[in-house]
There are 2 protein chains.
Amino acid sequence: MSVFDDTHISLAHGNGGRFMRELIEDIFAKHLGNDELDINADAAAITIPENTVPMLTTDGFIVQPLEFPGGDIGSLAVHGTVNDLAVSGARALYLSLNAIIEEGLEIKCLDRLIASLGHAAKQAGVKIVAGDTKVTPRGHGGGLYLATTGFGVRDKNLNLGIHKIQAGDRVVVSGPIGDHGIAVMLAREAFDLKGDVKSDNGCVWPLTSALLDLDGLRFMRDPTRGGLAMVCNEIAKTSGLDIVLQEAAIPVREQVQSVCEILGYDPYYLACEGRVVAVLSPEDAQKALAIWQDILGGDGAQIIGTVQEGSGQKDAGQVILETPIGGTRVLDELEDDPLPRIC
Amino acid sequence: MSVFDDTHISLAHGNGGRFMRELIEDIFAKHLGNDELDINADAAAITIPENTVPMLTTDGFIVQPLEFPGGDIGSLAVHGTVNDLAVSGARALYLSLNAIIEEGLEIKCLDRLIASLGHAAKQAGVKIVAGDTKVTPRGHGGGLYLATTGFGVRDKNLNLGIHKIQAGDRVVVSGPIGDHGIAVMLAREAFDLKGDVKSDNGCVWPLTSALLDLDGLRFMRDPTRGGLAMVCNEIAKTSGLDIVLQEAAIPVREQVQSVCEILGYDPYYLACEGRVVAVLSPEDAQKALAIWQDILGGDGAQIIGTVQEGSGQKDAGQVILETPIGGTRVLDELEDDPLPRIC
């Protein structure tokens with residue numbers, strides 16, 4: 001017997017019995033199997049390298065559509081969580097995976113998505129050691145929702161954080177922003193727009209790990225939900241410092257810019273899934289730029305702004321965009337303007 | 001501003017902006033806050049006690065209705081994961097939490113559920129150190145889905161597993177089975193049945209940790225999805241041994257039994273959320289029984305069966321129920337008989 005004897009997911013695939021066992025064996029274990037994944041165990045023992053600080057992070061994924069140019073919910077579920085560890089300076093070692101599958105999902109589609117997840121995990125060097133699947137009735141899901149929790153380790157002496165940022169520091173971004181947001185939006189075909197923008201969906205550990213030896217590295221973050229604008233706002237609100245961004249220096253692909261203009265979106269709020277925003281001392285920002293431009297995935301890196309003394313009041317820090325014609329515009333915290341589900 | 005200025009969840013509560021920050025601060029951080037939860041951090045550093053084996057496990061929760069006699073999806077999301085660690089002999093230390101919230105959920109209801117989750121975590125001695133929330137459009141969820149990943153530690157010398165089970169061992173259950181399944185079913189009011197059965201939803205670490213010093217302890221599991229029958233089937237299929245259960249010895253509440261008879265359910269397949277099935281040597285089974293009967297939550301414990309040499313073939317192990325009138329019935333692996341969503 002095999003789960004492929006059926007064509008679509010039924011509630012029986014979630015009932016704890018034979019159908020569920022086949023689903024887990026024929027799809028999840030097949031694509032995610034490794035020597036530490038025991039599908040019959042309640043909990044998995046893991047190994048932690050000496051002299052490291054263990055770190056946990058978690059992320060949920062509800063992107064629609066499930067597959068889009070440059071990726072799918074499976075690879076996204078690996079990268080989203082691995083990247084949260086990576087920007088903390090931690091190398092991801094293990095992942096747990098929750099799948100909430102909607103009755104009626106095509107089994108071949110689930111197979112593709114979990115294969116993609118397994119491939120992304122392998123590429124990122126992370127092992128799936130625990131998992132759970134649930135099946136929701138038709139009309140109570142989005143085909144597939146995923147949640148991953150990542151367990152990683154960082155060096156004991158690493159000290160990064162917004163508290164380390166000072167006036168004069170530079171803001172660097174590892175590549176063009178907004179590709180993921182626009183790729184997903186176009187894949188929905190809701191606006192009758194076509195384009196060949198691909199999501200930047202990818203693992204950023206090669207980028208972040210390359211900067212860890214720079215003494216002037218203060219802080220890193222991946223600009224996902226809320227985009228570059230929200231990362232900068234978080235820095236500004238937390239530190240009380242202002243972030244001044246040079247619009248002309250921020251890399252945005254022409255196609256992304258055009259779609260944004262047509263739809264009235266601001267690219268600075270669009271999600272990326274394979275980019276890093278880093279804050280460094282001026283000298284090390286130059287070094288970081290050179291390092292990234294030599295790495296696959298970092299060739300579009302740019303220094304895009306400067307940290308400045310603000311009003312000095314905590315919570316009063318602002319993100320200011322200087323336009324090419326010399327004007328300025330404040331990039332506020334996102335209000336109740338729902339962006340599509342893109343992560 | 002507060003999230004309680006609104007009455008229901010909107011898509012804006014998931015967009016990464018101010019509304020989402022208010023939701024996280026006013027509900028999640030309020031109820032789950034602890035000194036290691038930093039809602040602004042990408043990943044949380046955790047501490048692992050020396051001479052322990054770290055363990056990971058994960059579970060998803062889609063129960064309907066969200067609140068039921070004896071519990072709710074919030075407390076369930078703590079106990080489900082803490083218990084998977086507990087039956088592995090591991091004390092839960094940290095949890096990550098994923099919430100997938102459906103647009104339209106009443107904010108007061110979410111507040112109650114997360115308060116309950118926070119309370120259960122405190123009771124179980126586990127800290128929530130990482131979290132993520134997503135909002136799905138109306139009609140693409142079940143109000144609230146949760147996923148938790150648990151990180152715990154067990155003693156380095158502990159060695160439990162199905163491989164340790166031998167013919168002659170006894171099967172012990174910590175209390176009446178099926179309470180959770182029936183409580184949730186009645187809460188749905190789908191069958192026009194009434195009753196005051198409460199879910200057994202609870203943390204089993206006090207029960208499992210009390211047995212860890214018994215040399216004759218072979219294996220423990222919590223009978224959730226698929227119930228007692230599936231736990232016994234897993235043992236039988238994995239070991240090739242037969243499990244012979246005495247129907248008269250299996251504790252089932254009268255009300256649970258009656259509802260099962262009316263609806264044609266078999267109580268042995270119903271989910272529990274606060275029970276443990278343990279396999280021990282005959283001598284230590286008696287000791288375990290005495291230990292459990294002295295612990296709150298274990299006072300209904302019973303020795304319910306014996307492990308016997310089967311045909312000797314792996315995968316051929318059977319679960320045999322001996323009825324009070326001297327007959328026998330095989331409890332097969334659950335087939336495509338979808339039980340309601342009760343965990």
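Which residues are linked with A:Asp59 in a network of salt bridges? In this predicted model, the network consists of A:Asp59, A:Arg225, B:Asp132 and B:Lys134. The names show residues of chain A and of chain B in one network. The description below starts with chain A as a whole, moves to the strands and helices, and then returns to the charged pairs.

Chain A contains eight helices and 14 strands. Its radius of gyration is 21 Å, close to the 20 Å that the globule rule gives for 343 residues, so chain A is as compact as a globular protein of that length. The C-alpha trace of chain A spans about 65 × 55 × 35 Å along its principal axes. Of its 343 residues, 60% count as buried. Among contacts in chain A with a separation of 6 or more, 84% come from residues 24 or more positions apart.

One open sheet takes strands from both chains: its five strands follow the order β6(A)-β5(A)-β7(A)-β2(A)-β1(B), and the pairing is mixed. At the edges lie β6 (127–136) of chain A and β1 (44–45) of chain B, each of which pairs on one side only. Strand β5 (residues 91–102) of chain A runs parallel to β6(A), and nine bridges join the two. Within this pairing, A:Asn98 has A:Asp132 of β6(A) as its bridge partner. Helix α1 (residues 18–32) of chain A packs on the sheet and touches β5 and β6 of chain A, its direction making about 145° with that of β5(A). Helix α3 (residues 107–124) of chain A lies across β5, β6 and β7 (144–155) of chain A and runs at about 5° to β7(A).

In chain B, strand β12 (residues 302–308) takes part in two antiparallel pairings described here. Four bridges join β12(B) to strand β8 (residues 170–173) of chain B, with B:Val171 opposite B:Gly305. Strand β10 (residues 242–246) of chain B also pairs with β12(B) over four bridges, in the antiparallel sense, and there B:Val244 stands opposite B:Thr306.

A loop residue of chain B gives a local view. B:Gly202 lies in the loop between α4 (179–187) and α5 (205–209) of chain B. With a relative accessible area of 14%, B:Gly202 is buried. Leaving aside residues up to four places away in sequence, B:Gly202 touches B:His79, B:Asn83, B:Glu273 and B:Gly274. The C-alpha atoms of B:Gly202 and B:Ala124 are 9.0 Å apart, although 78 residues separate them along the chain.

Side chains of opposite charge can pair when their charged atoms come close. Over all chains, the count of salt bridges comes to 32. One of them is between A:Glu333 and B:Arg21, at 2.7 Å from N to O. A:Glu333 is in the segment after β14 (328–330) of chain A and B:Arg21 is in helix α1 (residues 18–32) of chain B, so this pair joins two chains. A:Glu333 is buried at 17% relative accessible area, whereas B:Arg21 is partly exposed at 34%.

Within chain B, the side chains of B:Lys30 and B:Asp111 meet in a salt bridge of 3.5 Å, N to O. This pair links distant parts of the chain, with B:Lys30 in helix α1 and B:Asp111 in helix α3 (residues 107–124) of chain B, 81 residues apart. B:Lys30 is partly exposed at 48% relative accessibility, while B:Asp111 is buried at 16%.

Note on methods: Residues numbered from 1 in each chain as written. Chains lettered and ligands numbered in written order. Predicted model: local features only at pLDDT ≥ 70, side-chain atom pairs only at ≥ 80, totals over all residues. Heavy atoms only, no water. Pairing = 2+ DSSP bridges. Contact = heavy atoms within 4.5 Å. Axes fitted to C-alpha atoms, helices over the stretch in contact; angles between N-to-C directions. Rg over C-alpha atoms; globule rule 2.2 N^0.38 Å. Buried < 20%, exposed > 50% of the residue type's maximum accessible area, 1.4 Å probe, protein only. Salt bridge = Lys/Arg side-chain N within 4 Å of Asp/Glu carboxyl O.
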